[in-house]
Amino acid sequence: MTKIEFESVVRDHQRMVYSIACNFFHNDAIAEEVAQDVFLQLFEQHRTIQLGTHCVAWLRRSTVHRCIDAMRRSGFRQEMQVDCLPDIASEAPETDLLLQEGLRRLIASLPEKPRTVLILRYGEDMDVEEIGRTLQMPARTVWSHLQRGTAMIREKATRYLKENVLEGDRR
Amino acid sequence: MSQFERDLRESLRHREPPSGFAEKVLARSRESEARHTARRWLVAAAAVVLMIGGGIFVQQQRQQAEDERAKEQLMVGLRITGSKLRNVQERLSRIQERAVQRQSNP
């Protein structure tokens, strides 16, 4: 990959790299830092990386690994309580946005492996085999992290709905 | 696909990075390249200094070894000359002794 090609890779894939990091941390500043580091690492290795699918796979893999490293290094863990979720009993048109925001927070509060798998599955639209190749784990393990992650989100969301909506109705 | 999965997909959709993100990355990559170039020059300069220093050291070692060899040869030469001189001196003393004996017993 030449320097000019590197520039076009940055412009073409900045949304993808930034979004993975942002969905992982639910924190714009950390996501920006991680995404910049990923591209710098790409620049340092640009002579050995081919353009195209190889490059995209490399970017996804590096972003995920950098996110996990950054989280372990800083001890950054977003333990989210149900109370922290936005109040969905607000205006109706905002419900979708609030639901999305709530889901993003819930995803960012999951343990690292189910979180990564969910982000790659639903954020990057990758299938289980591709995720397995990216994270170097068997497809069956990916599948189990996916099930576990969605179950945790459902459980947290249900608890939240019970505590807020039903309590709100009673009031 | 269930509604839940659709909601997940929607909440994890790609979003725009902060404005100027690409420019920041490119600026950092240029800085990093400049740092690498400087480091490469430094390594090359250190290698040249080491090579020159090494060359001088090897040359000095060679010269020292040659000096040692020459010194040893000189010492051997002096030892040989010394023993020859001793032989000559002994012969001369013997001749002198004989001459003295002849003079005392004619």
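Helix 1 of chain A passes helix 3 of chain A in a right-handed crossing. This is a predicted model. The axes of helix 1 (residues 3–25) and helix 3 (residues 53–74) of chain A come within 10 Å and cross at roughly 30 degrees. An angle under 35 degrees counts as roughly parallel, and helix 1 and helix 3 of chain A are therefore roughly parallel to each other.

On the helix 1 side of chain A, the residues that meet helix 3 are A:V9, A:H13, A:M16, A:V17, A:I20, A:A21, A:F24 and A:F25. Helix 3 of chain A answers with A:C55, A:V56, A:L59, A:R60, A:T63, A:V64 and A:C67. By class, the residues of this contact between helix 1 and helix 3 of chain A are 12 nonpolar, two polar and one charged.

Helix 3 of chain A also packs against helix 2 of chain A, at an angle of about 130 degrees and with the axes 10 Å apart. That angle makes helix 2 of chain A oblique to helix 3 of chain A. Here too the crossing is right-handed. Helix 2 of chain A contributes A:I30, A:V34, A:D37, A:V38, A:Q41 and A:L42 to the contact, and helix 3 of chain A contributes A:L59, A:S62, A:T63, A:R66, A:C67 and A:A70. Seven nonpolar, three polar and two charged residues make up the contact of helix 2 with helix 3 of chain A.

| Helix pair | Axis angle | Axis distance |
|---|---|---|
| Helix 1 and helix 3 of chain A | roughly 30 degrees | within 10 Å |
| Helix 2 and helix 3 of chain A | about 130 degrees | 10 Å |

Chain A as a whole has seven helices and zero strands. Of its 171 residues, 32% count as buried. Among the contacts in chain A with a separation of 6 or more, 65% are between residues 24 or more positions apart. Chain B has two helices and zero strands, and 7% of its 106 residues count as buried.

The largest nonpolar core holds 37 residues, of which A:V17, A:A21, A:A35, A:F39 and A:I107 touch the most other members. At least two residues of this core come from each of helix 1, helix 2 (28–44), helix 3, helix 4 (95–108), helix 5 (112–123), helix 6 (128–135) and helix 7 (139–170) of chain A, and from helix 2 (21–104) of chain B. Helix 1 of chain A supplies the largest share of the core, 10 residues. In soluble globular proteins, nonpolar side chains tend to be buried together.

A:F39 lies in helix 2 of chain A. With 27 other C-beta atoms within 10 Å, A:F39 is buried, the cut-off being 20 or more. Leaving aside residues up to four places away in sequence, A:F39 touches A:V10, A:V17 and B:V25. The C-alpha atoms of A:F39 and A:F6 are separated by 8.9 Å, although these residues are 33 residues apart along the chain.

The contact between the chains takes 26 residues from chain A and 20 residues from chain B. On the side of chain B that touches chain A, helix 1 (3–11) and helix 2 of chain B each supply at least two residues. Helix 2 of chain B gives the largest share of that side, eight residues. Sorted by class, the side of chain B that touches chain A has eight nonpolar, four polar and eight charged residues.

Definitions and conventions
Residues are numbered from 1 along each chain as its sequence is written. Chains are lettered from A and ligands numbered from 1 in the order in which they are written. This is a predicted model: local features need pLDDT of at least 70, side-chain atom pairs count only at pLDDT 80 or more; totals for chains, interfaces and linings use all residues. Axes are lines fitted to C-alpha atoms, for helices over the stretch in contact, and angles run from 0 to 180 degrees between N-to-C directions. Helices (H or I, at least four residues) and strands (E, at least two) are DSSP runs, numbered from the N terminus. Angles under 35 degrees count as roughly parallel, over 145 as roughly antiparallel, 65 to 115 as roughly perpendicular and the rest as oblique. A crossing is left-handed if the near helix is turned anticlockwise from the far one by less than a right angle, and right-handed if clockwise. Two residues are in contact if their C-beta atoms, placed from the backbone, lie within 7 Å. Ala, Val, Leu, Ile, Met, Phe, Trp, Tyr, Cys and Pro count as nonpolar, Asp, Glu, Lys and Arg as charged, and the others, Gly among them, as polar. A nonpolar core is a set of buried Ala, Val, Leu, Ile, Met, Phe, Trp, Tyr and Cys residues joined through C-beta atoms within 7 Å. A residue is buried if 20 or more other C-beta atoms lie within 10 Å of its own, exposed if 12 or fewer, and partly exposed in between; C-beta atoms are placed from the backbone.
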